[in-house]
Amino acid sequence: MSDSFTMNEAQPRLLDTTDQGLIGAPLDRPEGALKVSGQATYTAEYHPEGMCHGVLVRATITRGTVTGFDETAAAALPGYLGLFHGPEFLRNPAQGMAGKAPTQPGDRVAYHGQPIALVVAESFETARDAAARIVVHYDEQPGAPVDPETAPSEEPDDRTVQGDLDAAMRKGAATLDRAYTTPGHAAAAMEPHAALAEWEGDHLTLHGALQMIRYNKAELADAIGVKPEQVRVLAPYIGGGFGSKLGISAEHISAALAARALKRPVRVVMARQTVFDAILRRTETAQRLRLAAETDGKLTAIGHEDRISNLEGEGFAEPTAAATQFLYAAPNRLVRKTISRNHRTPSGSVRAPGEAVGMFALECGMDELAETLGICPVELRLRNIPEKHPETGQTFTAHALAQALREGAQAFGWDKRTEPGTRREGEWLIGMGVASAARTNMLIASSARVTLTRDGALVETDMTDIGTGSYAILGQIAGEMLGLPIDKVSVHLADSDLPGASGSGGSFGASSAGSAVFLAARKIRDELAKRLGCAPEDVRVDRGQVTGDNKKAALADLLVEPIAMEASIESGETAKTHFSSGFGAHFAEVAVSEITGEVRVRRILGVFGVGRVLNEKTARSQAVGGMIWGVGSALHEELSHDPRTGHIVGRDLANYHVPSHADIPAKMEVRFLEERDDHANPIQSKGIGELGISGAGAAVINAIHNATGLRVYDFPATPDKIVQGFMEHGR
Amino acid sequence: MREFDYVRADSLDHAAAQAGPHAALIAGGTNLLDLMKLQVMVPERVIDISRLDGLDTIEADGPGLRIGAMVRNADLAADPRIRADYPVLARALLAGASGQIRNKASTGGNLLQRTRCPYFYDTAMACNKRAPGSGCAAEGGASRMLAILGTSKDCRAAHPSDMAVALRALEARVAIRAPNGTERILEMDQLYRLPGDRPDLETELDEGDIITAVLLPAPALGSSQSYRKIRDRASYAFALVSVAAVVTMQDDRIGKASLAFGGLAPRPWKDAQVDAMLAGQAPSEALFSKAADTLLAEAVSDAGNEFKRHLAHRAMIAVLREATGLAPASTGTDLVGEPA
Amino acid sequence: MPISLKVNGVERTLECDTRVSLLDALRDHLDLPGTKKGCDHGQCGACTILVNGRRINSCLTLAVMHEGDEITTIEGLGGPEDLSPMQRDFVSCDGYQCGYCTPGQIMSATGMLAEARDGMPSHVSESLIGKANLSDAEIAERMSGNLCRCSAYPFIREAIARNTEQSQ
């Protein structure tokens with residue numbers, strides 16, 4: 001029933017002709033009433049009969065071997081049910097889309113805080129206490145490198161070298177050669193990572209806070225040594241992901257193992273401190289950016305080198321320079337990465353891996369170069385937009401950077417920007433900054449099933465909704481295609497028994513799963529055409545009426561037999577011939593206290609080209625969410641590591657400062673440009689949630705410069721760093 | 001959290017009688033439970049004093065006020081007398097924690113809250129305060145939030161309270177009930193010990209002692225009061241540095257200045273020498289700068305928290321400029337009515 | 001220990017370990033999982049409920065301390081079929097994304113509006129004296145005990161602003 005559609009050529013804009021008023025409309029989320037009334041059920045909130053509670057035991061050394069566990073004190077507690085560990089345990093969560101078990105280290109410890117065992121008890125309170133009473137014996141291997149600067153490192157082969165960067169730097173009329181550093185970041189989703197495992201015979205049902213069900217099912221089966229068909233994964237509601245719930249991790253595997261051994265359902269919810277220690281973080285980065293330009297601002301060279309870190313054996317490497325590879329033209333190019341191999345908590349994907357931190361360097365560097373050249377930073381960017389992908393020569397699909405910069409500047413009042421350090425309100429110095437936004441767009445293989453009956457349509461896929469709006473947009477696509485009001489469409493998600501979709505990650509979920517729903521609905525339209533007796537290309541489905549070739553029938557009359565269609569999509573030729581990216585521009589206004597160095601964001605405008613907008617309301621929320629993450633990474637967020645153990649210091653939400661209400665102004669404005677990306681997918685849409693963060697922080701940092709005349713190169717720009725800058729300038 | 005016996009005290013006598021080396025009083029619980037969950041504190045008995053009569057009122061005490069130890073932080077900040085006559089206290093309270101926590105946290109509990117030093121909170125790390133004699137992992141560790149004044153080689157933890165800083169500037173005192181029912185009154189510097197070689201001993205309270213009230217002196221009529229808190233985000237964060245000031249002008253000179261500082265020291269910090277330097281002087285940037293130098297003369301910092309010197313210096317000058325009229329007052333600086 | 005509470009207007013009793021937080025009592029013992037656990041240390045606000053009309057972090061208090069107290073949780077504000085005005089406004093303003101901090105935001109906003117009605121000032125109030133005027137900056141400061149990592153802040157405040165006295 002399912003044959004896969006391959007994206008080999010630009011697709012017609014069918015959704016521009018269906019005319020049902022659903023696609024793009026700012027509809028409320030269908031699950032909204034459940035969420036605001038506390039009735040949406042997250043993983044930890046199922047209570048099967050006989051459920052017991054697990055708490056993870058974690059390593060208190062950085063490197064070595066566990067030689068034994070002493071359970072004596074724990075086992076004496078009434079309600080203690082046991083300690084579980086063994087070869088199936090995971091060193092760290094699976095990286096996104098792994099589809100197989102991550103490293104299973106046996107008794108090896110590779111970072112401080114690594115989950116090494118699970119304690120299970122009748123109550124959460126007993127399990128928590130028991131976990132603290134387990135005495136772990138180690139054979140510690142001291143001296144584990146934890147400082148990325150001094151730890152051993154390696155250089156992957158996939159570097160870019162075009163032309164001669166050094167020569168261009170020597171000849172450039174204006175050049176920039178700067179070092180930038182960003183600290184590690186935590187996704188810090190509000191729902192702590194959780195699992196509830198239940199076995200029926202040799203079949204496992206796992207409720208998990210997970211973003212990618214299809215892959216997670218395979219990972220779990222692989223990790224515990226069962227067949228994928230013995231595993232069912234469910235995640236109808238997920239309290240935020242941002243990359244932190246891409247792959248299975250300690251709570252899932254340990255819950256599954258303990259539940260099998262105890263023959264009882266086991267729930268494991270990570271304590272917040274454990275989430276910080278044992279969930280993949282975003283790496284810290286050290287970056288060097290080099291730019292050279294002619295006097296007219298035309299770039300002649302771009303060099304972006306970075307050092308990131310990860311544990312030995314982890315395949316993920318933050319693609320720091322991802323946007324640098326295609327954002328601006330320059331004949332001489334260098335992109336090179338170094339991976340420090342150290343024993344901090346391993347790193348992985350956190351919202352917009354690469355762009356989120358790499359664009360600090362590129363976009364703050366462009367701002368500084370513009371100042372050197374005496375060219376408006378908006379204009380400098382406009383002068384360097386490439387015709388084709390500068391590295392690969394691919395044709396860009398819809399490319400909105402120029403329009404976003406121009407319209408944004410106009411709407412923001414960019415012409416009112418003054419010279420650095422010249423605008424003041426009392427002790428507050430006011431400034432504006434700009435940055436480009438770019439985030440590669442992807443299409444990931446996805447399947448979905450749509451069933452149309454006289455009562456309405458049912459959309460089914462294992463796609464997740466981590467707050468991104470999947471429930472809303474998938475229903476809108478089906479309703480638009482099938483001429484149904486939105487309340488006649490139901491959407492069932494995040495059950496591994498349903499057709500497998502991309503899952504939520506890389507901002508590709510809406511386009512990928514949405515295309516599968518679109519194609520399934522298109523097949524239904526074909527079937528309706530057949531039943532009506534018209535050619536498929538002639539059929540119109542309009543508010544319950546099916547017409548075509550001068551024939552007309554009520555939809556219900558054609559549905560004596562329901563129609564169920566499954567469809568799949570995968571990327572194809574267009575991904576080779578063309579390069580698809582979201583583009584945009586961020587404009588920020590900040591106030592900086594000249595006394596304390598505190599920064600307050602006053603307003604931000606983001607203008608984005610994201611292809612077709614599927615739901616204007618949820619799209620705006622995604623974009624603003626990303627922009628606020630940009631504020632967080634510019635001003636607050638920083639994982640601190642103990643210099644001796646690598647252990648994350650201040651592993652909680654009091655010490656890791658995500659933005660609070662008071663950090664975010666009401667004026668967070670978003671404008672979406674009218675755009676269709678015909679080569680991206682058949683619904684002409686692109687990702688949003690990560691585009692919103694990409695460049696946003698740099699706009700804030702550039703605004704700080706405009707306010708104060710200071711440049712910060714070591715992020716976040718906390719008060720101490722601004723004050724340091726003031727003092728260096730005798731202020 | 002370890003198992004414990006829960007005792008709901010029906011009187012102060014009852015509460016005192018239940019006290020012991022392994023017992024803890026619980027009022028708001030917002031810090032105690034935080035620490036018990038992590039087994040940083042492991043009391044075997046928890047004595048609930050949150051329902052005791054008579055501890056949750058604010059009453060006249062001669063020309064001043066007597067604030068019951070169970071008065072919630074939110075209620076204290078909202079009290080009309082505090083807002084009008086002791087605005088620095090209202091401001092400090094409102095700068096602390098969150099609305100939810102202020103609704104729960106008590107006056108006495110706020111005074112006795114523990115440091116937020118991340119090494120104190122991490123039982124995998126050495127900490128002389130948590131486990132006397134185990135060492136101090138903060139030394140040579142991440143030091144951004146650590147104190148720079150009043151520390152010792154054994155402990156560099158900072159006191160986290162905002163409220164206590166304002167109380168220190170207001171020259172408040174603390175009423176303590178001994179197990180035998182007698183009350184004694186301590187200055188705040190007498191309540192808090194400096195860490196020395198026993199950072200686990202934070203106050204001069206003895207077993208069975210219960211803080212019953214905070215005593216405010218008569219309002220400093222005609223004073224300018226302010227609380228300035230600098231933190232890593234705009235709200236809901238502990239102070240990097242905070243300054244509380246109660247300044248009274250006499251003609252064009254500073255009559256009296258009472259300053260206290262948060263984020264800098266193991267207790268709300270007051271330096272009598274600094275206050276004395278300011279008294280009787282005409283306000284000037286140079287004077288304030290010299291006073292700030294004096295405040296920080298004995299500061300001990302490392303690369304991770306050296307910035308606190310600079311922040312404290314700048315914040316202190318800014319606060320004094322506003323309080324003495326050298327600069328226009330902004331939000332956070334309030335005037336207390338002229339004498340009737 | 002046996003405990004009697006009045007939860008959302010209904011007398012409830014439970015028998016539990018002294019260590020059970022009020023949050024866990026609601027979620028795991030009283031079948032009211034609408035109140036969320038985000039950090040368990042009073043650092044995120046997801047567990048905000050009203051106790052005797054005042055908003056608190058239910059994670060930072062013990063169930064046994066609340067004998068006889070009146071508790072209001074998100075379930076008591078309105079169900080999916082009979083949402084309160086504030087709940088409806090959160091939906092229409094898209095004042096949430098993943099939904100996990102949402103019950104806490106709504107309960108906190110409910111408590112916050114009552115505090116403002118009572119004249120309680122905030123850190124950003126120009127003057128400590130007089131009525132509270134709920135500007136966006138005031139709402140933001142008063143709501144800062146509720147983190148939202150999806151970062152729906154502007155939309156959350158838009159929903160709350162529709163429910164202030166000034167707007168009604």
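Predicted model: local features only at pLDDT ≥ 70, side-chain atom pairs only at ≥ 80, totals over all residues.
How far apart do the C-alpha centres of domain 1 of chain A and domain 2 of chain A lie? They lie 34 Å apart, with the domain bounds coming from an automatic or database domain assignment. Domain 1 of chain A covers 4-40 + 443-576, and domain 2 covers 354-436 + 580-728.

Residues are numbered from 1 along each chain as its sequence is written, while chains are lettered from A and ligands numbered from 1 in the order in which they are written.

Back to the two domains of chain A. Contact here is a matter of C-beta atoms, placed from the backbone, lying within 7 Å. On that basis, 28 residues of domain 1 touch 23 residues of domain 2. Helix 11 (470-482) and helix 12 (509-532) of chain A each supply at least two residues of the domain 1 side; helices are DSSP runs of H or I with at least four residues, strands are runs of E with at least two, and both are numbered from the N terminus. Helix 12 of chain A gives the largest share of that side, 6 residues. Sorted by class, the domain 1 side has 15 nonpolar, 11 polar and 2 charged residues (Ala, Val, Leu, Ile, Met, Phe, Trp, Tyr, Cys and Pro count as nonpolar, Asp, Glu, Lys and Arg as charged, and the others, Gly among them, as polar).

Zooming out, chain A holds 16 helices and 33 strands. Its C-alpha trace spans about 80 × 75 × 50 Å along the principal axes. With 731 residues, a compact globule would have a radius of gyration near 27 Å, and the 26 Å of chain A agrees with that; the radius is taken over C-alpha atoms, and the globule rule is 2.2 Å times the number of residues to the power 0.38. Of the 731 residues of chain A, 66% are buried, where buried takes 20 or more other C-beta atoms within 10 Å of a residue's own, exposed takes 12 or fewer, and partly exposed falls in between.

Chain A also meets both of its neighbours. Its contact with chain B joins 30 residues of chain A to 25 residues of chain B. Helix 16 (719-728) of chain A gives the most to the chain A side, with 5 residues. The contact with chain C takes 52 residues from chain C and 46 from chain A. Among the elements giving two or more residues to the chain C side is helix 1 (22-29) of chain C.

That helix 1 of chain C is worth a look: 7 of its 8 residues are buried, so it is largely enclosed by the rest of the structure. The buried residues pack against helix 3 (124-133) of chain A together with strand 2 (10-15) of chain C. Just after the helix, C:Asp31 takes a positive phi of about 60 degrees.

Finally, the largest nonpolar core has 418 residues (a core is a set of buried Ala, Val, Leu, Ile, Met, Phe, Trp, Tyr and Cys residues joined through C-beta atoms within 7 Å). Helix 12 of chain A provides the largest share of this core, 12 residues. Those with the most contacts inside the core are A:Val119, A:Val517, A:Val700 and B:Ala245. The residues that B:Ala245 touches include B:Val88, B:Ala169 and B:Leu259, leaving aside residues up to four places away in sequence.
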